[in-house]
Amino acid sequence: MSLKDQFGKDVLLTGWGHSRFGKLTDETLESLIVQVATEAIANAGIEPGQIDEIYLGQFNSGMMPLAFPSSLALEVSEQLANVPSTRVENACASGSAAFQQGTKSLLAGTAKTVLVIGAEKMTHAGADVVGAALLGADYDMAGKASTTGFTGLFAEVAKHYEKRYGAGTGASAANLGDVLGTIAAKNHRNGVDNPYAQLRKDLGEDFCRTVSDKNPMVADPLRRTDCSPVSDGAAAVVLSISPTGGATAPVRLAGFGQANGFFPAERRDPTAFAATRASWQRALAMAGVGLDGLDFAEVHDCFTIAELLMYEAMGLTEPGQGARALEEGWVFKEGKLPVNVSGGLKAKGHPVGATGVSQHVIAAMQLTGTAGEMQLANPRRAAVQNMGGVGIANYVSVLEAV
């Protein structure tokens with residue numbers, strides 16, 4: 001069973017564009033959207049007038065004065081006049097939410113070609129503004145003062161995990177902080193090869209595992225290297241029901257899944273990420289594959305503890321044994337399931353509305369052999385996982401080479 005078997009039609013990624021991520025002081029939200037949309041349309045080998053619908057993923061939540069950006073993509077071309085365009089918001093999963101809305105338009109038959117964009121401008125806003133905006137994605141902390149922001153929420157997850165499992169069953173590391181430091185070092189090392197990444201420096205395990213002046217504790221046990229940076233950036237993808245003769249071969253969407261968790265923290269097991277697990281199960285079931293059918297995964301490592309929990313939520317290890325994926329080398333670039341070869345959110349950056357679309361673009365580049373220095377050896381199938389809040393809004397896609 002696959003998406004095509006279930007719905008009787010293909011959903012293909014036929015073109016894509018990606019900006020650099022980082023502090024982009026010379027760019028505006030509009031210029032980033034226009035840049036990546038123009039690139040994606042050209043890459044797909046189509047004219048702007050062939051776009052039937054546009055979905056824009058953006059969180060904002062007060063970080064930008066303009067709260068109504070859905071028509072900015074129309075600035076790409078006069079041919080886009082009157083094209084339906086909708087902003088989609090689901091916290092840090094806004095990009096994947098937009099991607100799934102575009103997918104559903106194709107499956108419903110209301111469109112044949114959809115442009116999906118994810119974009120965010122964050123670095124111009126003060127730390128207090130960004131912190132308050134992100135906390136708006138948490139039921140218990142929205143509107144409340146916090147010195148640690150979302151880092152504090154994931155630090156609590158890490159504390160619960162360490163209390164329940166220690167560093168992880170069978171982990172050779174002395175403590176959970178060392179395990180998380182290994183994840184940070186892996187992703188920083190991978191980010192060196194990503195030309196779009198915000199942080200392109202191999203920091204090494206010792207630095208990432210150690211609290212120092214350059215790597216301070218943000219919210220115990222999470223250090224600066226355990227946290228994704230505040231970023232600007234954008235990415236775009238063209239979705240079509242048939243090949244468009246673009247610059248590269250298309251990539252097929254084989255399956256997708258979405259699941260939402262209960263919002264109040266008291267209704268969730270803090271280390272289970274049950275809704276995240278459900279989104280994985282739904283996507284893999286639709287695609288008709290298991291983890292052994294994947295060649296790599298791009299996952300939502302907003303904090304290193306999130307990546308550790310993804311190893312368990314996807315079923316790579318049993319609960320409490322996530323460290324095994326590191327010890328056995330499974331998730332490194334040469335392992336059986338490389339995770340975040342792009343550097344992940346940790347090194348690539350996390351312009352929140354752009355992240356989900358970026359993950360799909362990076363995966364499509366890998367599957368078409370166009371990922372440059374990031375390129376893996378002939379990958380055929382990949383998973384993308386993106387979430388909003390502390391495991392609240394969860395999206396997984398399974399992509400495959402055509």
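Analyst: Helices are DSSP runs of H or I with at least four residues, numbered from the N terminus. The model is predicted, so local features need pLDDT of at least 70 and side-chain atom pairs pLDDT 80 or more, while totals for chains, interfaces and linings use all residues. Residues are numbered from 1 along each chain as its sequence is written, and side-chain values use heavy atoms, without hydrogens and water.

User: Why are α6 and α9 called roughly perpendicular to each other?

Analyst: The axes of α6 (residues 176-191) and α9 (residues 304-313) cross at roughly 95° and come within 9 Å. Axes are lines fitted to C-alpha atoms over the stretch in contact, with angles from 0 to 180 degrees between N-to-C directions. Angles of 65 to 115 degrees count as roughly perpendicular, and α6 and α9 are therefore given that label.

User: Which residues make the contact of α6 with α9?

Analyst: On α6 they are Leu176, Val179, Leu180, Ile183, Ala184, Lys186 and Asn187, and on α9 Thr304, Ile305, Glu307, Leu308 and Tyr311. Contact means heavy atoms within 4.5 Å. By class, these residues divide into 8 nonpolar, 2 polar and 2 charged. Ala, Val, Leu, Ile, Met, Phe, Trp, Tyr, Cys and Pro count as nonpolar, Asp, Glu, Lys and Arg as charged, and the others, Gly among them, as polar.

User: What makes Ser279 buried?

Analyst: Ser279, found in helix α8, has a relative accessible area of 0%. Buried means under 20% (1.4 Å probe, protein chains only), so the label applies. Beyond its neighbours within four places in sequence, Ser279 is in contact with Gly257, Gln258, Ala259, Asn394, Tyr395 and Val396.

User: What lines the largest pocket?

Analyst: A pocket is an open set of points on a 1 Å grid where a 1.4 Å probe fits, with protein on both sides within 12 Å along at least five of seven lines, and lining residues have an atom within 4 Å of a point. The largest pocket has 37 lining residues, with Val130, Gly131, Leu134, Thr151 and Val230 nearest its centre. Its lining has 21 nonpolar, 12 polar and 4 charged residues. Helix α4 gives the most, 7 residues.

User: Which helix supplies the largest share of the lining of the second largest pocket?

Analyst: That share, 4 residues, comes from α5. Both α5 and α8 (274-287) supply at least two residues each. The lining of the second largest pocket numbers 21 residues, and Ala265, Arg268, Asp269, Pro270 and Val390 lie nearest its centre. By class it has 11 nonpolar, 4 polar and 6 charged residues.

Notes: Parallel < 35°, antiparallel > 145°, perpendicular 65-115°, else oblique. Buried < 20%, exposed > 50% of the residue type's maximum accessible area, 1.4 Å probe, protein only.
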